[in-house]
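User: I'd like to understand the labels used for this model. Could you walk me through them?

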Amino acid sequence: MKNKISVVGAGNVGATTAELIARDGFADVVLYDVHEGIAKGKALDISEACSLWSSPVSVIGTASFIDTADSDIIIITAGFPRKPGMSRDDLLHANAGVIKEVTEGTVRQSPNSIIIVVTNPMDVMAYTALQVSGFDHRRVIGMGGVLDSARFRTFVSLELGISPQDIDALVLGGHGDQMVPLPRFTTVKGIPITELLHANDVNRIIERTRSGGAEIVGLLKTGSAFYAPAAATVQMVRAILFDERRLLPCSAYLDGEYGIAGLFVGVPVVLGGKGVEKIIALELTKDEKSIFDRSVTAVRTMIDMLKSS
Ligand code: NAD
C-alpha cells in the first residue's frame, strides 16, 4: 500500500513541502487549504511536474477533510502571517483557532496518523494540536530545531569554508528569538567548533542563527522562509515514514525531562515510526541551562496567555 501524507495549508511552506515529497515520490500527497482553488491549482501544477520527475505518486488539492482520510502523516502549515498592526498575541490566538479547526478536521479522518506542526508560534501550536487531537504525545511533533540547526550548519560552513555535510549542529529550546544554539555540541567531523573558531565568531554565528528567519523576512519584504523549512519538514517525514530512528532536534512534549512537564520544547529526540521514540536528556552547563530556561519561559508565557483567554 502506498503511503499517504496530507499537507494542511497550501501556502509557501505547505506547497513546497508537497512538492518535495512528490518529487521524491515516496507518498501520495493531499494538499488541503481553506482556499480550495489555491490547493487544487498548486496540486495540479505539482502533479503535472510528477510526469517530468518520473514520480509515480498522486497529488490532489482539496478543501474537504474527507480527502485526507487514512493519512500516515499530517503536516500542519496552515495559519495567518503576522500583519502590520497585529501583535504576537493576536497572531497567537488567530493561529490557535486555525490549528484547532484543522486538527479536529484531520484527526477525525486519520486517527492513527502522526502530526508534524510547522505553524508559528510552533511550540505553542504543537501543544494546541496535542490537546485537540487527544493523541499520545509521541505522535505530535513540532518542526523547528531541524531548520534552526540547518541554518547554524550553513553559517558555520560559510565561516570555515567546509562543506555543511561535515558539520553537525544542535539548536534546542523554543523555536523563536530565544532559541538555544549549542556550540559545545556543534562539531566539524567531531571537532567542536569552539576549537576551530574564535569565541566572537561563534557568538556572531549564534546571533545570525537566532535571527535567521528575520534575515529572510527582511530580504523578501513579503512572506517568510519556505525552502529550508519545507526541506527540514521532509527530513522529519522520512524519519517517521521509514522508521529511520534519526536523532533530530524537534519540539517534543516534555513530561519531566529537562525538569519541564506539560510543554513542547525543542530537544534532541530519536524520531522513528512511532513518532518521538526517545528524548535524549543532555546535561546542560549552568550557562546553557539559563538560556534554555529563558527560552522555555517564553513558550510557557504564550501557553498561559492562550489558557487565560
Ligand atoms: P502562507 O501564508 O504562505 O500559507 C499559509 C496558508 O494557510 C495559506 O494558504 C492559507 O490560505 C492557509 N490557511 C489559513 N487558514 C486556514 C485554515 N483555517 N484552514 C486551512 N488553511 C488555512 O504561510 P507560509 O509561509 O506557508 O507559513 C506557514 C506557517 O508556517 C506560518 O505560521 C509560518 O510562520 C510558519 N513557519 C514555521 C517555520 C518553523 O520553523 N516552524 C518555518 C517557516 C514558516
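User: Where is Leu-248 found, and why is Leu-248 called buried or exposed?
Analyst: Leu-248 is found in strand β12 (residues 246-255); strands are DSSP runs of E with at least two residues, helices are runs of H or I with at least four, and both are numbered from the N terminus. Its relative accessible area is 4%. Buried means under 20%, exposed over 50% and partly exposed in between, with a 1.4 Å probe and protein chains only, so Leu-248 is buried. A word on the source: this is a predicted model, where local features need pLDDT of at least 70 and side-chain atom pairs count only at pLDDT 80 or more, while totals for chains, interfaces and linings use all residues. Residues are numbered from 1 along each chain as its sequence is written, and side-chain values use heavy atoms, with hydrogens and water left out.

User: What makes Ser-113 count as buried?
Analyst: Ser-113 lies in the loop between α3 (88-109) and β5 (114-117). Its relative accessibility is 0%, so Ser-113 counts as buried too. Beyond neighbours within four places in sequence, Ser-113 is in contact (heavy atoms within 4.5 Å) with residues including Ile-73, Phe-135 and Arg-139.

User: How do you know that strands β2 and β3 pair?
Analyst: Pairing needs at least two bridges found by DSSP. Strand β2 (residues 28-32) and strand β3 (residues 59-62) are joined by 4 bridges and run parallel, with Leu-31 opposite Gly-61 in β3.
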